[in-house]
Amino acid sequence: MGRVEGKVAFVTGAARGQGRSHALRLAQEGADIIAVDLADHIPNIDYPSSTEEDLAETVRQVEALDRRIIATKTDIRDRDAMKAAIDDGVAQLGKLDIVVANAGICVIADWENTSVDVWNQTIGTNLTGAWNTLQLTTPHLIANGGGSIILTSSAAGIKGLPFLSAYVVSKHGVVGLMRSYATELAEYNIRVNTIHPTGVNTPMGTLGGGAFGPLLEAHPKLGGMLANLLPIEITEPVDQSNAVLFLASDEGRYVTSLELTVDAGNTQF
Amino acid sequence: MGRVEGKVAFITGAARGQGRSHALRLAQEGADIIAIDICQGVAANNAPPATEEDLVETVRQVEALDRRIVATKADVRDFDQLKAALDDGVAQLGRLDIVSANAGIAGSPHAAEDIPEEEWTDMIDINLNGVWRAAKAAIPHLKASGNGGSIILTSSDAGIFAYPNIGHYVSAKHGVVGLMRTLALELAPHFIRVNSIHPTTVNTPMVQNEGTYKLFRPDIENPTQKDFADAAIAMNALPIPWVEPVDISNAVLWLASDESRYVTGVMLPVDAGAAIK
C-alpha cells in the first residue's frame, strides 16, 4: 500500500527537475498526477528552458509506474489556461487531494542590474503563479473534503541571499501566501505548508550559477551565505520530494503552516 | 524494506504514550530499540505514573514486531544511570543511529509567581536537563558510528509560544529549542542532524487526566473529557481537539529516516495549526 495510494496530485513545473521528481515520488507511492509545465522558451534565464520532450518524458516515467497522468503545456501565469488544465485533469482523474506549487524561475543579478522585465517575470511566475495555482485548485480540495498544499519556497524565502533580489522577494512572498491559505483553509481540513530547499541538483540549480562567480569575487564577504551547514554541496531532487511526500501523505495530517527547510542547515548558518 | 531498516534508536520515556508509539513505529519500519523509562511517579505531575508493567508491554509489542529491544528502568535526571542503560543497549545492539529525547512531565499548573521552587527545579531537570543528558550520552555513540545520525528532541507548541499558568513547562520546552539549534550547529560536520518536534495536545495519559482538564477548564468545577475537548478544539486551527501519538511518531520516523537526510535545525510542529492561531 503506497503512502499516497489512490490520491490525485497536481504538480506545476513538472517537465523536469524537482517537479518531475515530485510527480515520480508521489506516483511511486500510489498517486495519479495532473502535471503542467510551460515547456517553452523562457527569456532572461542562464539555464536551458524545459521542453515539450521533457514533459513527455515525465509522462512516460509516471506511466511506467502504472499510474495515470494528465499533462498539459500550460503557463502558470495564464489563469484561463491554468483553470482549464486543472478542471480537465480533475474531471479525468475524478478528484484532487494534493497540490504542489513548484514551478519557478531564478535569475542572478545584483540590485542595480535587476531589470524591470526580470522583476516582473520573477514575481509573476514564482509568486503570482503560485497564487493562481492555489486559488484555482482550492475549490477542488474543498469539494474533496480536505487536502494538502505544498508550496516550493527556498532558503531564500527565509533569509536574504545575495544577487537574487527578485527571487528572494518572490520566495518570501510564497511564505505569506502559505500562511494566509493555511489560516483560511484549516476549517476545510486543508493543510498548507512550504518547503525551503538549498541548492538542488537540477538544470536550474546547476547550470545557471555562473553569474555568481564575478559577483562573489567582487563581494567575497557574502559568499558564506550560500554555504550549507551539513558538509554537502547540493541536495538531490528526491530529498525535496521526500519532504513533499511526507507533507502530502496522511502521515502529515495534522501538520500545517510549517516552513520545512530541506536545506542542509543553510538557513541556520 | 523498512524506512529505518537496520538502524538502532534510543528512546527516553518509552513505557507508554508518545515514547511507546515512537518505539513501535520505528520498529515497524525495521529499527531495533533501546528504551528507558523511570516507571514511577515524579513529584508534582498531574498524570498517573508510568509503571514497570507499561515498559514490559512496550518490550512485548516491539518483540511482537520481530525487532530487538533493550529496555531499562532509568531516570533522565541521573546521567550515570541513563548513560549505563544506553551504553548497555549499544553494546547489545551494536550501534546507534537515532535518538528520540521524549521523556517529559506535564507538571502541575500554577501562575508563574506561585510555582513552588521544587516544582520549577524538577520540571527543568526532567524536561530540559533530561533532554540534554540523553543527547550528551548519545553523541559519542553517534560520532563513533561514523555515518551520521538523527537526534529528535520533543519540544511542544509550548516551545513556540506561551500558554498561561505553566511557566515552568513553557520555559523548559523553549529551552529545548535552544539546545536543538546548538546541537544542529555543532554536530553538522559529523552529519548528525538535530531537529525538534512540537506537538499540540496528544491523546496520551500525560494529557488525558483530570489535572489537564482543570488547566483547560478553570471555569468548570469537575470538567469532563468532553469539556476539555471543547476547549482543546478551539486551540487548534484544524477542526480537531488533539492528535494521536502515531501522528507525532510519523514525524519522528520521517526525521529519523534517510528521507530527511539533509534536514537539520528544523522546528517541526505537529500541532493542527495551533501555532498560527
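These notebook entries record what I looked up in a predicted model with chains A and B.

**Conventions.** I number residues from 1 along each chain as its sequence is written, with chains lettered from A and ligands numbered from 1 in the order in which they are written. Because the model is predicted, local features need pLDDT of at least 70 and side-chain atom pairs count only at pLDDT 80 or more, while totals for chains, interfaces and linings use all residues.

**Chain A, overall.** I found 8 helices and 7 strands in chain A; these are DSSP runs numbered from the N terminus, helices being H or I with at least four residues and strands E with at least two. The radius of gyration of chain A is 17 Å, close to the 18 Å of the globule rule for 269 residues, so chain A is as compact as a globular protein of that length. That radius is taken over C-alpha atoms, and the rule is 2.2 Å times the number of residues to the power 0.38. The C-alpha trace spans about 55 × 35 × 30 Å along its principal axes. I noted that 56% of the 269 residues are buried, a term that requires 20 or more other C-beta atoms within 10 Å of a residue's own; 12 or fewer is exposed, in between is partly exposed, and C-beta atoms are placed from the backbone.

**Chain A, sheet.** The strand order of the open sheet is E3-E2-E1-E4-E5-E6-E7, with parallel pairing; two strands pair if DSSP finds at least two bridges between them. E3 (69-73) and E7 (259-262) stand at the edges with a single partner strand each, so one side of each has no neighbour in the sheet. The twist averages 15 degrees from one strand to the next. Inside this order I checked E4 (98-101) and E5 (147-152), which pair in the parallel sense over 4 bridges; Ala101(A) stands opposite Leu151(A). Helix H5 (165-185) of chain A lies across E5, E6 (190-197) and E7, at about 160 degrees to E6(A). Angles run from 0 to 180 degrees between N-to-C directions, with axes fitted to C-alpha atoms, for helices over the stretch in contact.

**Chain A, Ile42.** I located Ile42(A) in the loop between E2 (32-37) and H2 (52-64). Ile42(A) has 14 other C-beta atoms within 10 Å and is therefore partly exposed. Leaving aside neighbours within four places in sequence, Ile42(A) is in contact with Ser49(A) and Ile105(A), contact meaning C-beta atoms, placed from the backbone, within 7 Å.

**Chain B, overall.** I found 8 helices and 7 strands in chain B. A compact globule of 277 residues would have a radius of gyration near 19 Å, and the 18 Å of chain B agrees. Of these 277 residues, 57% count as buried.

The 7 strands form an open, parallel sheet in the order E3-E2-E1-E4-E5-E6-E7. E6 (192-199) is joined to E7(B) by 4 bridges, where Pro199(B) has Val270(B) as its bridge partner.

Notes: Contact = placed C-beta atoms within 7 Å.
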